[in-house]
Amino acid sequence: MPVLAAIGMALALAAVPAFAGDFEDGYKFYESRDYARAIKLFRRVAEQGHAAAQYNLGLMYRKGQGVAKDYRQAAFWYEKAAARENGFAQFDLAAMYAEGQGVAQDYKQAASWFEKAAAQGYASAQFNLGVMYTEGKGVARDYGQAVFWYEKATAQGYAFAQFNLGLMYYNAQGVAQDYRRALSWYRKAAAQGNAEAQFNLGVMYYNGQGVARDFKEAVSWYGKAAAQEHTTAQISLGIMYYNGEGVAQDHVEACKWLMLAGTNGNEVAGKNREIVERKMTPEQIAEAQRRASVWMKTPRK
């Protein structure tokens, strides 16, 4: 299950006529990275109750732009903006409560602020609220409510929510188990580059869940996730090359993927690599090492 979506929205752009001059000048200074002038102007209008300026001031304190990084001050200004219905501030304040940044960790407060932002249509807040209902953090665990909020976020094309909704259908949480729907939501998230969804698609094609069993498709999806350094996908891809499932049997390529998966000390990758290497010559092992080295040095998007 993905963790809560990260804090740190873009700078707020909204302005009202009474403060437009200072606010817009502050934004221009921010864009040119003159943070000292930007924060001075944002503070001037923030102190007069301008919600977007209050949010921006909080953002700059959180990032340490024009001032020393100060999570307490960030939370202070976010709260002022959030009370004025600024959705960005409501989201970031919720995330700070969830993470205990600048405030005592408080999942109930986090859920409350996520709900306020979610009600304004912020997909990231809808997703995070779904996560909190799934995990029972700050709210009673309620898979039905989790599905409700994931669906809100998926309507906006939010990839993490698409993946989580796929999980809910796969695991029969809040909905009847439906592998076909799980597959459909995984596919939507995978098309946006979600590595977990790509891996899960590989698993479903490998096992024939919701779709005809297809080793070639499994290899294809494992490969996409493996290219994003998804360790379990790399292991799965290595095993398929070892067994010749969906691809021509290739111990060198199998060993390469298992080497890559074991880079961070993964024991499963290490044990499988030992099995593969027993059937390889020293020259083949050296070639696998060369391929792994080239792969690691190749820039990826």
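This report describes salt bridges in a predicted model.

Local features need pLDDT of at least 70 and side-chain atom pairs count only at pLDDT 80 or more, while totals for chains, interfaces and linings use all residues. Residues are numbered from 1 along each chain as its sequence is written, and side-chain values use heavy atoms, with hydrogens and water left out.

Side chains of opposite charge can pair when their charged atoms come close. A salt bridge here is a side-chain nitrogen of Lys or Arg within 4 Å of a carboxyl oxygen of Asp or Glu. The model has 10 salt bridges by this rule.

| Arginine 44 | Aspartate 22 | 3.4 Å |

Helices are DSSP runs of H or I with at least four residues, numbered from the N terminus. Partly exposed means a relative accessible area between the buried class (under 20%) and the exposed class (over 50%), with a 1.4 Å probe and protein chains only. Aspartate 22 is partly exposed at 24%, as is arginine 44 at 38%.

Lysine 137 is partly exposed at 33%, and glutamate 135 is partly exposed at 30%.

Arginine 273 and glutamate 277 are 4 residues apart in helix 15 (residues 267–277), a separation of about one helical turn. Arginine 273 is partly exposed at 26% and glutamate 277 at 21%. Elsewhere, salt bridges with shared partners join Asp250, Glu253, Lys256, Glu287, Arg290 and Arg291 into one network.

How values were computed:
Helices (H or I, at least four residues) and strands (E, at least two) are DSSP runs, numbered from the N terminus.
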